[in-house]
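Dear colleague,

Please find below the structure that I am handing over to you, with its sequence. My findings follow it, and I would be grateful if you read them with the structure open.

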Amino acid sequence: MTQAIRTSTVEPLPLPEGVEGIVSDWSSDQRAFKNVPWGKAMMWIFLLSDTFIFSSFLISYMTVRMSTTEPWPNPSEVFALTLFGHKIPLILIAIMTFVLISSSGTMAMAVKFGYEKNKKMTFILLLITAALGATFVGMQAFEWTKLILEEGVRPWGNPMGAAQFGSVFFMITGFHGTHVSIGVIFLIIVAIKVLRGDLDNERPGFMTGRKGKYEIVEIMGLYWHFVDLVWVFIFAVFYLW
Amino acid sequence: MEHAERQQHGAAGQQHAHVEGQQHPIGIYLKIWALLFVLSAASYLVDYFHFQGYLRWFLIIVFMLLKAGLIVAVFMHMMWERLALLYAILVPTLLLMVLLGIGALEADYTFFSRGVFFVKGLL
């Protein structure tokens with residue numbers, strides 16, 4: 001890595017805070033997002049665009065649900081499971097929520113250990129995160145199977161009420177599940193990079209040729225937390241409404 | 001050459017290299033994790049105990065926003081970022097409230113029209 005040589009012993013001027021800081025950051029004729037690696041700023045901007053995608057889905061879901069004159073199937077009953085002889089409402093969804101939140105917790109700790117250059121802990125925590133993510137996708141596959149085969153829900157209709165239920169459900173949870181699956185794949189890739197020492201040795205990436213740095217663990221973490229964040233909204237407005 | 005390099009990387013990059021990357025004690029992540037568990041359990045219990053009406057809506061939305069806020073602020077480190085990044089992400093997101101409002105108005109209108117023209121005895 002080419003280290004720029006600090007020829008001056010004078011400390012850099014502190015960046016202004018507050019509104020003044022926003023104005024000076026944006027008008028500095030340099031990069032606007034200071035103190036963050038550009039990859040992280042770009043991940044944030046990607047996540048902003050993804051926010052708009054999921055918001056469009058959830059708002060259109062609200063629109064079709066409010067405007068339908070057919071009764072909406074009760075999610076509390078549709079997603080109930082019979083466990084040990086008791087019918088428990090929404091239990092599978094609750095477990096999925098806890099699994100995903102736990103994966104967010106392990107991811108946050110992986111980022112922390114990554115910046116400490118603790119290879120072993122970072123690798124283990126990334127693998128646990130990936131395993132929890134894969135568990136989530138597995139449970140979602142179970143949920144879809146049950147809904148399609150047992151409840152007879154289709155994107156164009158279902159026996160319980162408004163046809164829009166199926167189309168909205170499969171589109172929103174399908175998109176979210178795809179995000180989780182892609183996240184699991186990238187978590188495994190990042191975990192391998194950590195274990196192999198790519199981030200310590202600054203080994204160039206396979207596709208981008210960028211030097212390996214521990215900031216990629218945090219950037220991966222941003223994506224993963226976002227997936228959890230989207231689930232928070234889906235859980236609240238789709239399953240609890 | 002060296003001067004130019006310093007201009008390019010020195011001014012914006014290396015100067016802040018020691019502050020790039022977020023390092024926080026592990027305790028805060030564990031606390032937020034526990035808090036997210038409690039909030040998720042609470043929102044599940046809203047359904048379990050069959051709260052209805054405005055109380056249900058109020059609780060669901062409060063728990064949802066608290067969870068979202070905690071994830072973005074702590075897990076995604078937004079509370080430690082500079083305001084330039086925070087506002088660049090948060091302001092466009094809040095503008096989605098306009099779309100939400102338009103969607104709700106349109107849905108009301110569609111529901112009303114369907115009631116008038118297609119459903120006998122709804123209105």
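**Findings**

Chain B has four helices and zero strands. Please bear in mind that this is a predicted model. From the N terminus on, the order of elements in chain B is α-α-α-α. Of the 123 residues in chain B, 19% are buried.

**The contact between the chains**

The two chains touch each other through 59 residues from chain B and 52 residues from chain A. On the side of chain B that touches chain A, the elements that give two or more residues are α1 (2–12), α2 (26–48), α3 (53–75) and α4 (83–117) of chain B. Which of these gives the most to that side? It is α4(B), with 19 residues. By class, the residues on this side of chain B are 33 nonpolar, 15 polar and eleven charged.

**The nonpolar core**

The largest nonpolar core has 72 residues. Those with the most contacts inside this core are Ala110(A), Leu126(A), Leu187(A), Val190(A) and Phe235(A). Elements from both chains give two or more residues to the core: α2, α4, α5, α6 (164–196) and α8 of chain A, together with α2, α3 and α4 of chain B. The largest share, 18 residues, comes from α8(A).

**Two helices of chain A**

Two packed helices are described by the angle between their axes and the distance between the axes. In chain A, the axes of α2(A) and helix α8 (residues 215–239) come within 10 Å and cross at roughly 15°. Because angles under 35 degrees count as roughly parallel, α2(A) is roughly parallel to α8(A). The crossing of α2(A) and α8(A) is right-handed. From α2(A), the residues that make this contact include Met43(A), Trp44(A), Leu47(A), Phe54(A) and Leu58(A). From α8(A), they include Ile219(A), Leu222(A), Phe226(A), Val230(A) and Phe233(A). In total, the contact of α2(A) with α8(A) has 14 nonpolar, one polar and four charged residues.

**Individual residues of chain A**

Two residues deserve a look for their backbone angles. Asn35(A) lies in the loop between α1 (18–26) and α2 (38–67) of chain A. Its phi is near 65°, a positive value in a residue other than glycine. Is Asn35(A) buried or exposed? A residue counts as buried if 20 or more other C-beta atoms lie within 10 Å of its own; Asn35(A) has 20 and is therefore buried.

Leu90(A) is found in the loop between β2 (86–88) and α4 (91–115) of chain A. Although Leu90(A) is not a glycine, its phi is positive, at about 60°. Leu90(A) has 22 other C-beta atoms within 10 Å, so this residue is buried.

Leu125(A) belongs to helix α5 (residues 119–150) of chain A. With 25 other C-beta atoms within 10 Å, Leu125(A) is buried. Which residues does Leu125(A) contact, leaving aside its neighbours within four places in sequence? They are Thr106(A), Met109(A), Ala110(A) and Phe113(A). Of these, Ala110(A) is also one of the residues with the most contacts inside the largest nonpolar core. The C-alpha atoms of Leu125(A) and Gly114(A), eleven residues apart along the chain, are separated by 9.9 Å.

With kind regards

Note on methods
Residues are numbered from 1 along each chain as its sequence is written. Chains are lettered from A and ligands numbered from 1 in the order in which they are written. This is a predicted model: local features need pLDDT of at least 70, side-chain atom pairs count only at pLDDT 80 or more; totals for chains, interfaces and linings use all residues. Two residues are in contact if their C-beta atoms, placed from the backbone, lie within 7 Å. Ala, Val, Leu, Ile, Met, Phe, Trp, Tyr, Cys and Pro count as nonpolar, Asp, Glu, Lys and Arg as charged, and the others, Gly among them, as polar. A residue is buried if 20 or more other C-beta atoms lie within 10 Å of its own, exposed if 12 or fewer, and partly exposed in between; C-beta atoms are placed from the backbone. Axes are lines fitted to C-alpha atoms, for helices over the stretch in contact, and angles run from 0 to 180 degrees between N-to-C directions. Angles under 35 degrees count as roughly parallel, over 145 as roughly antiparallel, 65 to 115 as roughly perpendicular and the rest as oblique. A crossing is left-handed if the near helix is turned anticlockwise from the far one by less than a right angle, and right-handed if clockwise. A nonpolar core is a set of buried Ala, Val, Leu, Ile, Met, Phe, Trp, Tyr and Cys residues joined through C-beta atoms within 7 Å.
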